[in-house]
Structures are given as C-alpha cells and as structure tokens.
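The briefing below is meant to be read beside the sequence and the structure. It begins with the surroundings of the ligand and then turns to the chain, a sheet and some backbone details.

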Amino acid sequence: MAAFYASGHGRRVTVIERNEKAGKKIYITGKGRCNLTNLRPVPEFLDHVVTNPRFLYKALYAFTPEDTIAFFEANGCPLKVERGERVFPVSDHASDVTRALFDAAKKSGVNFIFNERIKSVVTNEGGVTGVLLESGRRIDADAVILATGGRSYPSTGSTGDGYEIAKKLGHSVKDQQPSLVSMHVGWEYCRELEGLSLKNVGLSLLDGNKKLFADRGEMLFTHFGVSGPLVLSASARYNESMKNAVLKLDLKPALSHDELMSRLLRDFDKYRNKVFRNSLDDLFPKRLAPVMARLSGIDPAKRAGEVSKEERSRFAQLIKGVNMTVTGTGGFAEAVITRGGIDVKEIDPATMGSRLVRGLYFAGEVIDVDALTGGYNLQIAWSTGRLAGLSAAKDI
Ligand SMILES: Cc1cc2nc3c(=O)[nH]c(=O)nc-3n(C[C@H](O)[C@H](O)[C@H](O)COP(=O)(O)OP(=O)(O)OC[C@H]3O[C@@H](n4cnc5c(N)ncnc54)[C@H](O)[C@@H]3O)c2cc1C
C-alpha cells in the first residue's frame with residue numbers, strides 16, 4: 001500500500017522483500033479469508049486500538065475503512081461485510097487481497113526485488129541515502145519506508161528486523177510482547193479439558209486487584225491453557241512482566257449469584273436421588289461436569305438433594321469465578337500481532353515520517369500500535385502505509 005501511494009508521476013519505487021513473493025502474511029489472515037478492515041465509524045474503530053490510538057487519528061481519517069473498501073473494489077477484489085462489521089473478500093480467499101494489492105502496485109510502476117533482506121538504512125548528515133542489503137548490494141534512495149512488520153509468525157518473514165534497523169538510526173523501540181495469542185495457565189484441569197470449547201462464558205483478566213479486561217464470548221481449553229476469541233482479546237491487556245495475573249472464568253455470566261442459587265436448588269431438587277457428581281449435566285458440558293464436581297469440594301457420593309445451602313453458595317461462587325493463574329502466552333510463534341515497536345513520539349502522525357532521520361518513514365505493525373481482532377490491524381497497515389507512501393513521494 002505504501003509503495004502504491006508513493007508511485008506514479010515518474011517516481012521510481014522499489015519494494016525489497018525477503019520472501020519469494022509479496023504479502024505472505026496476508027494469505028493466513030482471517031483463517032485464510034483475510035478480514036481486511038472493519039466498517040465501524042472511526043471513533044468506535046479507535047476504541048478497538050489497544051496501544052496509541054490517538055497517534056492513528058490523522059492516518060485513519062485520511063484513509064478510512066470505506067476508503068479501503070473502495071480501493072480494493074476498484075482493484076478487482078469485491079468485498080462483503082459480515083457480523084461485527086468485519087469485511088472480507090466475496091471470494092473468501094485472502095489471496096485475492098494480495099493479488100489486488102500486488103497488481104495495483106505493478107500497474108503503477110512499482111518494481112519488486114524478492115529474496116533480498118535489508119540489513120540497514122544508509123544515512124548521510126541526518127538524511128537517508130539508501131539501503132544496504134544482506135547480499136552486500138546497496139540501493140540508493142531519496143526516501144525509505146520501513147514496513148517490516150512485527151515479530152509474530154516469523155515464518156511469514158516478520159522477524160523484527162525493522163526494530164534493529166531503526167535502533168541503529170537512533171530510534172527508541174518499545175519492548176515487544178506477543179499479543180492476540182493463547183495464554184498458558186497453571187490450572188491442572190486444562191489437559192483433561194483440551195479441545196473443549198465454551199460458548200457464552202465471561203472472562204476477566206486481573207493483575208492483583210486491577211481488572212484489565214472483562215468480556216463475554218467463546219473460549220477453549222488447550223494442552224497448556226486457554227485460547228479462542230475471548231482469550232486472544234484478554235491477551236492484548238496482558239504483559240509478561242505481570243507476576244500476579246489471573247484469568248477468572250464465569251461459567252454463568254447471565255445469572256447473578258442469587259439467580260444461580262435458585263437454579264442450583266431447582267437442579268438439585270430435580271435430581272435429588274442422584275449422587276451429586278451426576279446431577280450437573282444440565283449445568284455444564286459433559287466433560288466439564290466432573291471437573292466442576294471435583295473442584296466444588298462437595299462429597300461426590302452425596303445425594304444432590306442433600307447438598308446444603310452453604311455448599312450450594314460456595315458452588316455458585318466457584319461457577320462464577322474459576323481462577324486460573326496466568327503463567328505466560330503461546331509466544332511470537334503463534335501470536336496474531338506484536339505489541340510494542342517504534343516509539344510513536346519519534347514519528348510525525350501527520351506524515352508517518354521519522355522525527356530523527358530525514359527521508360525515513362514507518363508503516364504498519366513495526367510502529368508501536370496494536371489493535372484487537374476484527375480487521376483493525378490490517379486497516380492500520382493500509383492507513384499508515386498510504387500516508388507514509390504519499391509523504392515519502394514528496395521527498396522524491
Ligand atoms: C495468523 C494471523 C492472522 C491474522 N488475521 C488478521 C485479520 O484477519 N485481520 C487483520 O486486520 N489482521 C490480521 N492479522 C494481523 C496482520 O496480518 C498484520 O497486522 C499485518 O500483516 C501487518 O502488516 P505489515 O505490512 O506491517 O507487516 P507484515 O504483513 O508482517 O509484512 C512485513 C513484510 O516485511 C518483510 N520483511 C521483514 N523484514 C525484512 C527485511 N529485513 N528485508 C526485507 N523484507 C523484510 C516480511 O517478509 C513481510 O513480508 C493476522 C496475523 C496473523 C499472524
């Protein structure tokens with residue numbers, strides 16, 4: 001996107017890509033369907049940006065989700081809007097998004113060099129003069145746009161090179177953390193429940209007494225912990241330096257404690273002659289019921305009709321707050337995005353230009369911005385890419 005907007009009017013624009021083809025990560029976005037933007041109005045859009053939403057204000061208003069849609073449709077990729085204002089190609093093929101971008105850039109005269117990795121940006125007297133490639137080749141340039149992505153899914157080519165390149169030029173880089181990623185928890189039942197998916201549950205993330213996240217939705221148990229949409233969103237608020245982070249699972253978020261007490265009374269009465277551990281099938285999925293029975297501390301052989309009010313109250317409390325200590329995340333290998341990156345204080349939000357090095361621009365995930373799932377991260381890449389491209393073109 002940056003290359004496309006930098007091109008035209010006789011300017012010579014070159015994309016240097018270490019992979020054998022362009023936009024490799026796009027192929028795996030949105031489970032292969034590419035959720036390329038989100039049609040929520042910009043203020044609401046910005047509510048879904050976790051880090052530095054204000055920095056994106058100008059870039060996003062100058063190139064909105066509507067503009068993204070117009071761009072791709074004009075370039076041969078018809079789009080559709082799905083639940084939650086998420087936008088996908090009508091074909092459900094992420095490859096159509098890559099093709100539209102690549103073809104637009106090619107038609108506009110952009111030159112592509114593949115299988116070459118940038119080692120550093122060359123400067124002279126505070127301004128860029130070109131780039132040095134790992135192969136030893138040097139390419140002269142009046143402007144350079146660094147759009148090397150983050151550190152997540154390194155198999156797609158994003159291995160964090162941009163951070164090192166920018167550091168060498170004097171830029172400050174915020175520590176990186178995997179985000180939108182599965183979480184590991186110290187809860188002994190995960191393995192037993194591996195693969196079990198829970199719908200309409202509540203999940204909060206707490207660091208000590210501080211509530212960092214709370215929402216309802218879907219999650220699933222994995223070998224090491226938990227994953228699924230709710231967990232990915234929670235991970236955006238988690239930081240590996242947190243020592244007391246806990247995920248609190250509410251299995252009946254639609255019921256208050258008192259409502260749940262009545263529900264339990266009804267169920268225990270209905271199954272009064274069954275043993276307690278066999279009376280929970282209406283309450284929980286089949287695999288979860290025995291785990292909850294064990295966690296309750298109630299004698300499993302007791303008849304359901306004999307469970308005391310106090311036991312019922314403790315059980316209701318447990319159902320509304322299963323605590324799982326967070327021990328880490330699935331890491332960069334499986335994180336959807338990287339939190340952290342080039343410090344936005346050193347980038348002009350009106351141009352995406354470096355405040356330290358003349359002719360240097362930034363676009364996309366390499367910048368210290370990140371958002372939740374729903375098409376926001378790619379829209380950030382499109383908007384900052386376009387702005388960086390147009391601004392860099394002025395230097396040429
Ligand atoms: C599994 C998965 C699913 C996702 N799904 C969605 C989704 O549906 N919607 C959404 O909005 N976002 C999604 N994202 C996030 C989104 O893909 C990224 O935020 C976005 O691709 C960032 O774009 P970028 O251009 O900044 O970086 P990237 O797409 O990472 O591109 C950076 C490019 O730079 C190249 N490069 C890096 N270093 C060098 C170097 N030294 N020399 C030469 N080339 C280099 C890389 O090879 C790569 O091609 C998903 C991410 C993942 C991993």
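The helix α12 gives the largest share of the shell around the ligand, namely 4 residues; helices (H or I, at least four residues) and strands (E, at least two) are DSSP runs, numbered from the N terminus. The model is predicted, and local features are therefore reported at pLDDT of at least 70 and side-chain atom pairs at pLDDT 80 or more, whereas totals for chains, interfaces and linings use all residues. Residues are numbered from 1 along each chain as its sequence is written.

**Around the ligand**

- There are 31 residues around the ligand, and those that come nearest are Gly 30, Gly 149, Gly 157, Gly 364 and Leu 378; a residue is near a molecule if its C-beta atom, placed from the backbone, lies within 6 Å of it.
- Two or more residues of this shell come from each of the elements β1 (14-17) and α12.
- By class, the shell holds 12 nonpolar, 12 polar and 7 charged residues, where Ala, Val, Leu, Ile, Met, Phe, Trp, Tyr, Cys and Pro count as nonpolar, Asp, Glu, Lys and Arg as charged, and the others, Gly among them, as polar.

**Helix α12**

- Helix α12 covers residues 376-395, which is 20 residues, and it reaches 29 Å from its first C-alpha to its last, close to the expected 28 Å; the expected span is 1.5 Å times one less than the number of residues.
- This helix is mostly covered, with 16 of its 20 residues buried; a residue is buried if 20 or more other C-beta atoms lie within 10 Å of its own, exposed if 12 or fewer, and partly exposed in between, with C-beta atoms placed from the backbone.

**The chain as a whole**

- The protein chain has 12 helices and 22 strands, and its C-alpha trace spans about 85 × 40 × 35 Å along the principal axes.
- Of the 396 residues in the protein chain, 41% are buried.
- Among contacts between residues at least 6 apart in sequence, 72% join residues at least 24 apart, two residues being in contact if their C-beta atoms, placed from the backbone, lie within 7 Å.

**The sheet β7-β8-β9**

- An open sheet is formed by 3 strands in the order β7-β8-β9, with antiparallel pairing; two strands pair if DSSP finds at least two bridges between them.
- The edge strands, each pairing on one side only, are β7 and β9.
- Strand β7 (residues 118-124) is joined to β8 (residues 127-133) by 6 bridges, and the partners in β8 are Leu 133 for Ile 118 and Gly 127 for Asn 124.
- The hairpin of β7 and β8 has 2 residues between the strands, and Glu 125 takes a positive phi near 50 degrees there.
- Strand β9 (residues 138-140) is joined to β8 by 3 bridges, with Leu 132 standing opposite Arg 138.
- The hairpin of β8 and β9 has 4 residues between the strands, and in this hairpin Gly 136 takes a positive phi near 100 degrees.

**Positive phi in loops**

- Most residues other than glycine have a negative phi.
- Cys 34, which is not a glycine, has a positive phi of about 60 degrees and lies in the loop between β1 and β2 (37-38).
- Cys 34 counts as buried because it has 29 C-beta neighbours inside 10 Å.
- Tyr 153 has a positive phi near 50 degrees and is found in the loop between β10 (144-146) and α6 (161-168).
- Tyr 153 likewise counts as buried, because 21 C-beta neighbours lie inside 10 Å.
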